[in-house]
Each structure stands twice: as structure tokens, then as C-alpha cells.
Amino acid sequence: MNSYKYFENRDCKYYPCHDMPEGKGLNCLFCYCPLYGYDNCPGNKSYIEKDGKRIKVCKNCNFPHDEENYEKIIKILSAGNR
Ligand code: SF4
């Protein structure tokens with residue numbers, strides 16, 4: 001159910017942008033993950049090298065889209081440690 005910490009935008013042209021486990025909804029609240037700038041984010045990240053730059057790749061990560069992770073994300077952002 002939609003709330004301050006969860007909503008699904010099923011009209012988005014990219015929806016569903018990630019596969020979620022059976023029975024889990026896809027939270028669109030953190031569509032652009034606010035933890036992208038955090039090297040130690042808890043998500044399933046990988047890195048590629050391109051033009052001499054190290055680029056974080058999040059295509060296999062569902063962390064910000066899992067409704068159960070809302071408080072964890074807010075806690076990390078509140079701590080401010082990158
Ligand atoms: S999407 Fe996942 S891997 Fe990418 S920054 Fe967010 S938590 Fe980390």
C-alpha cells in the first residue's frame with residue numbers, strides 16, 4: 001500500500017526496472033538511489049572501468065526498492081558517512 005515510505009509508480013515507462021523476489025513489491029521512492037555516492041553502501045554493487053574511471057554499477061541491486069530497507073537507508077543518510 002502506498003505511504004510516505006513506499007509507493008509504486010506502475011505508469012513509469014521503466015516499471016518494473018528491477019526483478020523483485022516473489023511476493024515483494026517494488027518501491028519507487030528511491031528511484032535514483034540516494035546511496036550511489038556511498039562506496040560502502042549495503043547493496044549488491046559491482047564496478048567497471050571506463051575511460052580510466054571507476055564506475056559503480058547497480059543493475060543487480062534491489063536494496064533501495066525493498067520496502068523493508070526504508071529505515072536502513074534513512075539511517076545511513078542521517079549518519080552522513082560516505
Ligand atoms: S542501488 Fe544498491 S548498489 Fe547501487 S548505490 Fe544503491 S544500495 Fe548501493
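Visitor: Which residues surround the ligand?
Guide: The ligand has Cys33, Leu35, Tyr36, Cys41, Gly43, Asn44, Lys45, Cys58, Cys61, Phe63 and Pro64 around it. A residue is near a molecule if its C-beta atom, placed from the backbone, lies within 6 Å of it. Keep in mind that this is a predicted model, where local features need pLDDT of at least 70, side-chain atom pairs count only at pLDDT 80 or more, and totals for chains, interfaces and linings use all residues. Residues are numbered from 1 along each chain as its sequence is written.

Visitor: How does that shell divide into nonpolar, polar and charged?
Guide: The shell has 8 nonpolar, 2 polar and 1 charged residues. Here Ala, Val, Leu, Ile, Met, Phe, Trp, Tyr, Cys and Pro count as nonpolar, Asp, Glu, Lys and Arg as charged, and the others, Gly among them, as polar.

Visitor: OK, new topic. How many helices and strands does the protein chain have?
Guide: The protein chain has 1 helix and 2 strands, running β-β-α from the N terminus on. Helices (H or I, at least four residues) and strands (E, at least two) are DSSP runs, numbered from the N terminus.

Visitor: And how do β1 and β2 run?
Guide: They run antiparallel, with 5 bridges joining β1 (residues 46–50) to β2. Strands pair if DSSP finds at least two bridges between them. Take Ile48: its bridge partner in β2 is Ile55.

Visitor: What about the hairpin, how many residues are between the strands?
Guide: There are 2 residues between β1 and β2, and Asp51 in that hairpin takes a positive phi near 50 degrees.

Visitor: Where is Lys59 found?
Guide: Lys59 sits in the loop between β2 (53–57) and α1 (70–79).

Visitor: Is Lys59 buried or exposed?
Guide: Lys59 is exposed, because it has 9 other C-beta atoms within 10 Å. The cut-offs: buried means 20 or more other C-beta atoms within 10 Å of a residue's own, exposed means 12 or fewer, and partly exposed is in between, with C-beta atoms placed from the backbone.

Visitor: How many buried residues are there in α1?
Guide: α1 is hardly covered, with a count of 1 among its 10 residues. β2 is hardly covered too, and its count is 0 among 5 residues. For the protein chain, buried residues make up 11% of the 82 residues.

Visitor: What comes just after α1?
Guide: That's Gly80, which takes a positive phi of about 75 degrees.
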